[in-house]
Amino acid sequence: MRFISYLINGISLGSVYAIIALGYTMVYGIAKMLNFAHGDIIMVGSYVIFCLMSGAGVSPLVSVLISIVACTALGITVEAIAYRPLRGAASSLAVLITAIGVSYFLQNMALLIFGANTKQFSSVIKMDPIILADGKITITGETIVTIVCCLIIMIVLLTFINKTKAGQAMLAVSEDQGAARLMGINVNGTISLTFAIGSGLAAIAGMLLCSSYPSLTPYTGSMPGIKAFVAAVFGGIGSIPGAFIGGIILGIIEILSKAYISSQLSDAIVFMVLIIVLLVKPTGLLGKMIQEKV
Amino acid sequence: MSTVLEVNNLTISFGGLRAVDDFNVKIKEGELYGLIGPNGAGKTTVFNLLTGVYKPDEGKIFLEGENITGKSTVEINKAGIARTFQNIRLFKNLSVLDNVKAGLHNSFTYSTITGILRLPKYFNIEKEMTEKAMDLLKVFDLDNEASYLASNLPYGKQRKLEIARALATDPKLLLLDEPAAGMNPNETQELMDTITILKNDFKKTILLIEHDMKLVSGICEELTVLNFGSVLCQGRTSDVLNDPEVIKAYLGDD
Amino acid sequence: MKKIRINKSLKDNLITFGLVTVAFIAVEILKMTGHISSLMKGLLVPVCIYIICAIALNLCVGILGELSLGHAGFMCIGAFSGAFFSKCVQDIITFAPLRFTLAIIIGAVFASIFGFLIGIPVLRLKGDYLAIVTLAFGEIIKNVINVLYVGLDDNGFHFSLKDVVSLKLLPEGKVIINGAQGITGTPNDSSFEVGFVLIIITLIIVLNLIHSRDGRAIMSIRDNTIAAESIGINITKYKLMAFTISAGLAGVAGVLYAHNLSSLMAQPKNFGYNMSITILLFVVLGGIGNIRGSVISAVLLTLLPELLRGLSDYRMLIYAIVLIVLMLFNWSPKILDLRKKYSIKNLISKSKMKEAE
């Protein structure tokens, strides 16, 4: 019985990872860069909700909506200021270091504004838990909302990419930027859109994460961000179903190793998974191989 | 004259497409051999197979009788094949001199410790390497630019530097992938002279891919024409260039 | 021609060594005449640690061309293996310089071994993947050390990943590594003078390596792996060599760190990836591939915020902005075009051309 409740917790945490990983994987697939600051956008989104709800007494739903808008705007701005000028740069190292710089910037900005103290995040989700098997299994409202959110996002995203013109443009840009441009696709616009969607999802992920794990600091986003990247790599970077599966599996691994092996070593185990995956199947579960032409 | 390179039934497919199909060639010592064909005929793929970048699906490659099929690029270079690239691949942030000295890497050796402690051996061998590299640069008329960064050289000289670097590994067989691509007629003429020096003074065996027909007919002794991955025609340059099949492949059916 | 070149690299190296030595002597004089605040005194050893780390990371990022975000992990290994050794032999070897020399060698060797072992799988990966996997390894090292318990009694060493009790030590046995509490009571052997000597040794190793046959091979791999292979350079060997040496030197910095504090713990702030990023910052601001630049930026970025106390709140924020701006300035294709167009050289030649007309 205990195992089942661990499993449910794992799926819940995994769903959050999956939502973050979707942002990573889309940006990586389309802009071909590792957006190191993605995790910190989660943190910004959570602070926005925290301020609106605790500070200004805005209703949860409105706070979340504002947070999504704010994160989307932030994502677009960061892309335009820091990443776009480097498109076509000779060094991919430069892009990665810039992304690290952005991550550092967001963390320290939050540190300046909110201080290093942990803020108590009050859950956005007001829903009664479901109790099963005579009280042996309790599924919290947060868990249910998280899993449902993740499923909805996944379906909407897949439909968007496969059925709309903008989504097809994304696929085209991810295949070949040059060819896409020649076909009249607005490459910069498409990449902006990708960042917008990814960052909006990060806001949702932040809301869900902080509802389940309610302590908020300027570094809240960085570890989940890195783990979500692990999930994206696990599932095969660039693949949307891959990010979903990778996220869920990673969440389950983390919770189970916390429960059965060691809570201090759970991060180490998660990272070990990444290393093993990259060594055994560098393309992940559902990814594809790209080889350099000689 | 002995055979330097012998290739039998070389074949490779990429996802169902036979990029190179049943390729055979025999190159004798001191020969200047040309590999020509329309774009996409599989010429560079042949080079990549010869240098171990790709492993062939079928077929065997012999270098001076030694079977080198399936060996790694590094082993094949040590066995005696060096190449240049269609899209120039220099060590851009190293000096012109260091580019050539990198080519001398396996001919002059000293241990890491010798290098870090700067033992006398370090100075002696570095001096020898520099002298040898400067000699090579002189052949290519690059000695005055020795201290330049490779990326600061003009295009034509970059191509020459790539040849100098390949030559520094003292290969038995030199593969040149479109050495005249992007050169103006003057530069091409200069290049032809240099290649002749490689053949006559350095006694190198050379296999080259080229589109410039003037260069090919001017210096190559034998030719192989590739079309859609398979050999269309093989033989003495003048015979091959007059072959109706070859003319058709190059100019179309009309 | 060739003479000029050799002299140029020699001159370059001499300037670096000279700069470090002059700075050292200046600080020593200030110390003797008492013109140095206790705050600054406390920063002297950390500055040495940062310099060594920055040089080590620059070997990996600038010379090998692979971004490692796990160097704090190698520092951590060096720190713990060095401190562990010092704790064990504290009563046996009482001559501090000998003990510390051995500790440094042990720290360097252990960090190198880990660098080598981690390098074998990691260096097969490229770019972003390599960065994130080194980060992962760094975090794993930190996490494992936090649950590691080691004790020593008459029966020898006892290990556990659970707690002190499970070590089953005899009553007179002592705990050396105490999980998250780390190692306490490490002899305080680090000093500014030792730090200076270690910086010089690090510089000798790295600068001489760069200007040797091996260094050339490493840089050729950085510039074009496929071409390097085509001239017979063993990619794996030289990548591993650079990575291992870089890890070993980070380990040396770790030993220096461990012997500068009485208690050593593996925390996010000293051995987490934020530390790796701080070191990366030194490397980037000093110029990727520029060893002297790393030394200078490590000194400036550590001392400046302490001198300008008022700015210290904004320090990290300013670093982040500088990092981004520098990257854009040096790599953005558009900005590079502009720089070419308006470079001083170009402007001069343009005005000359106008004069000629």
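Mentor: Helix axes are lines fitted to C-alpha atoms over the stretch in contact, with angles from 0 to 180 degrees between N-to-C directions, and helices are DSSP runs (H or I, at least four residues) numbered from the N terminus. This is a predicted model, in which local features need pLDDT of at least 70 and side-chain atom pairs 80 or more, while totals for chains, interfaces and linings use all residues. Residues are numbered from 1 along each chain as written, chains are lettered from A and ligands numbered from 1 in written order.

In chain C, helix 2, which covers residues 38-63, packs against helix 12, residues 291-307, at an angle of about 150 degrees, and their axes are 9 Å apart. Helix 2 of chain C is therefore roughly antiparallel to helix 12 of chain C (the term is used for angles over 145 degrees). The crossing of these two helices of chain C is right-handed (the near helix is turned clockwise from the far one by less than a right angle).

Helix 2 of chain C brings residues including Leu39(C), Leu43(C), Pro46(C), Tyr50(C) and Asn58(C) to this contact, and helix 12 of chain C answers with residues among them Ile291(C), Ser294(C), Val299(C), Thr302(C) and Glu306(C) (contact is C-beta atoms, placed from the backbone, within 7 Å). By class, this contact of helix 2 with helix 12 of chain C has 13 nonpolar, three polar and one charged residues (nonpolar: Ala, Val, Leu, Ile, Met, Phe, Trp, Tyr, Cys, Pro; charged: Asp, Glu, Lys, Arg; polar: the others, Gly among them).

Towards chain B, 25 residues of chain C are in contact with 34 residues of chain B. Here the elements giving two or more residues are helix 1 (2-32), helix 6 (192-210), helix 7 (213-223) and helix 8 (225-230) of chain C, and helix 7 of chain C supplies the largest share, seven residues. The side of chain C that touches chain B has 11 nonpolar, seven polar and seven charged residues.

How values were computed. Angles under 35 degrees count as roughly parallel, over 145 as roughly antiparallel, 65 to 115 as roughly perpendicular and the rest as oblique. Two residues are in contact if their C-beta atoms, placed from the backbone, lie within 7 Å.
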